[in-house]
Each structure stands twice: as C-alpha cells, then as structure tokens.
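Look at the model below with a few local features in mind. The paragraphs after it take them one at a time.

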Amino acid sequence: MEKWVNKSSNLSNYVEASRILKSILAAERFEPTSEFSTALFGDISRVIQNNQQRRKTKARMFVITGLSAAALLIFFTTWWFYTSLITYTTGNNEILTVELPDHSIVRLNSNSSLSYRRAWKWIGQREVHTTGEAYFEVVKSRKSSSHGKPNSFRSYSGGVVVEVLGTKYNVRNRAGIVQIALIEGAIKVKNIRNVNDLEQILKAGETIQYDGEFLRKHTYNKETVKKAKTWISKNYVFENLSVDELIKEYSYIYGKHIVLSDSLLLNRLIDGKVSLKTEQSLIYSLANILAADVRISKDTIYLDIKDE
C-alpha cells in the first residue's frame, strides 16, 4: 500500500490534505474574553483614527502647498510687471512712431530704441530711455505727482536726462555725444553722471550738447533747431557740414559704410539738402558734389574721385 501511495503523487497529496482537515476539525474553538475584545476594538479604532488624521494632514498640506505656489506666482508676476520694460527698436532706413500711455508721441530714427516701464500707469512716473535719435511731442499730464505738483516727463539718453511738462524736442545720441534741440516750450537738462555739472534750462530755439562729461549750452540758433527734425520727413538739411559727418549719418541710417579714395575730402564743408528716402539718393548726391565714381561691394560703397 505504502509503495502504491509513494508512486502516486496525487494520492499522496490527498492523504496530506485529509490529515490537515482532521486536525482543523479536531481543534478546540477559541472563545475570546470581553477584555480582549474591548482591547482589540480599541486598537482597530485607533488605527482608523490615525489613518483619517493622516489623510486630513495630507489634505491640509496639499492646500497649503497650493496656496504657497499661488502666492509665489502672484509675487513673481507682480515683480515682473513692475520691473519689465516695453522696448521698441528700429533697423536700417526705418522710422517708427510710438504713442506712449500718456498719449505723448515719440518718433524713432533709424537704428534707435525706446524703452519704458510696463507698469507706467501704476507707478505714475513718465520716464523713457532712448538710444540713437528720437523726436518727442510731450503732452501735459492731467495727473499730479505725490507732492501735488504737475507730473513731469523725463527722457534719459546717455548720461543726460531731459525734464519737461509738455513740449517738443529732439534728442540725438551718436557715438557718446548727446545733442538736444528744443522746438517748443522749455526743458530742464541734467547731467546724471556728474553732480557738479549744473543743470541747464533751455528755451525754444536753443540747443545743448553732452560730450560724456559736461553739458555745453548753445545760444539761440533757428537753423540748428529747424534741422533737428528734418529727418522725420527723411530730408537732411545741412549747412557747413563736413563730408565726414554726412558719411557717418548715412552709416547710422543704413548700416553701411562709405569709403573715399581721397581721405582729405572728409574735412570739406558742404551746404544743401539731401533726400534720405532711398540710400541711392544720398550716395549719388554726394558723388556728384565730390565728382566721384561709385563702386558698391556688399555693405561698403567706394567713392573714387575722378582725375581732373
């Protein structure tokens, strides 16, 4: 029999199962005491309460984390709004007109830029920064400053700040030299890099120049002021202007270079009026004045003086 059982793995499993079943049926039934039942129920209740408390803590942490993230988002959004700038730029042979939030108008010449705070209205300060050349038509503010005075307008360029209430003026910042020409009204000009340099008050028709160190005021000159805004119509009016200055102006506007075969002609003074609506008009006008032939190679224009 035992040999048969050993040979049959299925019967062996049956015998083992039968033995386990008999052991279970023969075991005495355990009757827990009331104290044991009470203690067991208490333990179960505490586990349930602890699990519920953990879920509530997790929920609170989730809410706190969400509120903290929202607060940080609001903070950084507000900080960005207050510190960021709105910037306009122009390229070669491009003129751009920008209306500021206070309805003042700024016209940018070629290769120039204008920047002001995005939070202009919230901050309550009328301030702009420019590079290159810009013509301003500033309107008087309807709002007053915190001191009860009219809210002035300030424009920064290079190391100079121009302060006005409402007027028209031109700011030209080229190669570290800032030139300001007042068309209408009155303006106050400050040197923000040299506190020992006294501020200057300009009246209509006057100009001032900043050389990187000092302000140098010029007397009334109607022609100088008239020329200051001719670029808006892309007409360049000049009187006793050197060929070198005219060539530099061309480079600022079109981003190209003019090379003379005779460098001595750079100091020659010329008078006239040149259209800047196309780059060819200035090139050939200058070539005609200097009696030169024109050669163009990419971004460089060569003026070869003709043999007499």
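**Around Asp 293**

Leaving aside residues up to four places away in sequence, Asp 293 touches Tyr 302, Leu 303, Asp 304 and Lys 306, where contact means heavy atoms within 4.5 Å. This is a predicted model, in which local features need pLDDT of at least 70 and side-chain atom pairs count only at pLDDT 80 or more, while totals for chains, interfaces and linings use all residues. Residues are numbered from 1 along each chain as its sequence is written, and side-chain values use heavy atoms, with hydrogens and water left out.

Asp 293 lies in strand E17, residues 292-297; strands (E, at least two residues) and helices (H or I, at least four) are DSSP runs numbered from the N terminus. Between the C-alpha atoms of Asp 293 and Asp 304 there are 5.0 Å in space, against 11 residues in sequence. Asp 293 counts as partly exposed because its relative accessibility is 40%; buried means under 20% relative accessible area, exposed over 50%, and partly exposed in between (1.4 Å probe, protein chains only).

The loop between E17 and strand E18 (300-305) holds Lys 298. Lys 298 is not a glycine, yet has a positive phi of about 55°. Its relative accessibility is 77%, so Lys 298 counts as exposed.

His 103 is another non-glycine residue with a positive phi, about 75°. His 103 sits in the loop between strand E2 (96-99) and strand E3 (105-108), and it counts as exposed because its relative accessibility is 54%.

Elsewhere, Lys 222 is in helix H5, residues 222-228. With 59% relative accessibility, Lys 222 counts as exposed.
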